[in-house]
Each structure stands twice: as structure tokens, then as C-alpha cells.
Amino acid sequence: MFRRKMSAQRRRVNVHPNDEPESDDSGILNEGILLLVFESMKWDLQVLCLTASVNRKLRAIAKRLLWRKLCVFRAPCMVAALANGAPNGRIGGGWDALAKLMFFCSGCDSTRHFMVSRAIPGHFTRASRFSKTSGRSFLAKKCRGDLLFVSDPCEHPMGDKEDDLGIFRGVFRGFMRSKTRACLIRRQVPFDERVRCPYCGTRVWSMTAARLVPKSAARRLGSGDRRLEYFVCVNGHLHGACWLVPLSSDEEVCDDREEDVDGDDDDVNEDHGGYDEVDGDACSHQTVTNGSTSSLTEDVFGGGPIDLLLNL
């Protein structure tokens, strides 16, 4: 009886004698191979979303390495500024949150200070431009030393009897050490009880409730005074919405590359706009040799499915 049991155990153990346990460094889990594959595909957003959703190990590799590489490839100017020239380091909220912010419009629901007739769901954006010149318009005068990138508003028609809704987003550099955060803490501004950051899930401050929305923000967006609201989370991600003033045929949209002429501003455009553009249709890079970010634009591929971006 004992011999029969031992023989059966040997057969079970040796059913596939040539099989070897999979190594974490083999095949698709090899980080070097993954980097070569995504570099050859110019960091395709859709493929990276799909890869990160396959299993827990690939999701961990994407969170630790791949999302950072995608951000650096898609917006090197903005990433270099946000990371203080050290793009291999950490960034507030993680690189996956920054990647989501680059490509995802957060949508809009009614809030205490901003009412909409219907909710706008979040969605993937085919093209976005982020500007630090625009970002200065969102900073209170005492906080102008902070660095903030803000996108052009994503426009949403709301009906014949309503103005178009603009939804925008942005990100601070080094928010934990920023003057904006210090001002919020000093004023003991409470977190909003209902809203969470759509990019990293953390708690947010309403800049409207904090009375830190400068008039220059409305002018930069093409909106009216007190017709906007935006939030900033503990990781420095910004999101908000505004009502866009209709433009007549002889009016021009404010260009982020123009000098800031706000009466409240005490500084001038020091770099002619320094902006990064993320585009869903083309990919072209201008070479910067002197370290300046003033002339660099990024037109990058999009195509990521909404449900996967929501799970970043």
C-alpha cells in the first residue's frame, strides 16, 4: 500500500518533467523588454493601459516605471519642470496620476459654489495644452512664486440657453513646499466634504471657499468673475470648471504665449509661455539645446479607453 502511494505521488510530481517554474524576469515581465517594446510604439497610451490591467505584477511595474516613462516621453518640458530636473524621482500623487491628468478631463458635477444643469462625465481628451503662463493666472498674488501648469479648458456645449462649460485641470510643482499650501494651512481652510481628486482620490480644498481665486483666472479662461470654481488636492492636482463667455467673430481667444497683462499681476511673462501640448493625432518634437522650455511643444498620440484610464 505504501509503495503504491509513493508511486502515485511520483507520477503526479513528474507529469511534466521538462516544465520549469516561470521567472519574474522572463518574457513580458522583463522590464528591459517592456521598455524596448513601448519605446518602439512611442509609448502608446492604449497599449500601456491594457498592459497595466493584465495582472497585479504588470500593474506594479507600470506604476513604478512605465507611467513615468510615458510622462517623460509625452511632455518632457512639463515633466522636467515638475520634477526639478530629476525625472527619475518621485512626484506628488504618483506618475500614474500625472499620466491620467495629462489625458483625462475630469467632468463636472454641481458643487456648493458652482451649479450645472446636468452632470458632465469624465472622458478621454484627444488633445490638451498645459501652460505655466496660464498657471500663474490661477495663483493669488502672494503665491506667485509657485509653479503651476494649467490646461486650456475642455469645452462642453450645455444647450441653446446656456453658455458653454469649460473644464480644466492642472498640477503644481512641489506642492508640499508651496506657498499656496502654506496659505491654505495658515488660514485653516477645511477640506471639501463632498469632492475628491479625480486623479489620485485624495481630499481637496475649494479655492473658492478659501477665497484664493484671483480675477486673472477668469480672464485667462475666457470666463466671467465668480463664474468658476476649482479645487486643489493634497498632492497638488487642480481641477475645476467655468462658464465660457461667448465670443463674437471679431474677438480673439487669449493666447497663453502672450504676455500676462492682468492689473493684479506683479510679474511679466519670463519665458514667452513655456507650454506642453498633448495631442491625440500626431507626434512631433522640437529640439531644445539650451535648456529653455519656451519653444517646445509636444503633439502626442492618444487613444486610451476611458474605462482603463478611470482605473489608473
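Two strands count as paired if DSSP finds at least two bridges between them. Ser223 is the residue opposite Leu244 of S9. S8 and S9 form a hairpin with three residues between them, and Gly236 in the turn has a positive phi of about 90 degrees.

A word on what you are looking at: this is a predicted model, in which local features need pLDDT of at least 70 and side-chain atom pairs count only at pLDDT 80 or more, while totals for chains, interfaces and linings use all residues. Residues are numbered from 1 along each chain as its sequence is written, and side-chain values use heavy atoms, with hydrogens and water left out.

Now look at S9 from another direction. Strand S6 (residues 165-172) also runs antiparallel to S9, joined to it by seven bridges. Here Ile167 has Ala241 as its bridge partner in S9.

How well covered is S9? Eight of the eight residues of this strand (residues 237-244) are buried, so S9 is largely enclosed by the rest of the structure. Buried means under 20% relative accessible area, with a 1.4 Å probe and protein chains only. On one side, His237, His239, Ala241 and Trp243 are buried, and on the other Leu238, Gly240, Cys242 and Leu244 are too.

Finally, step back to the whole chain, which has 10 helices and 12 strands. These are DSSP runs, numbered from the N terminus: helices (H or I) of at least four residues and strands (E) of at least two. Of the 312 residues in the chain, 46% are buried.

Terms used:
Buried means under 20% relative accessible area, exposed over 50%, partly exposed in between (1.4 Å probe, protein chains only).
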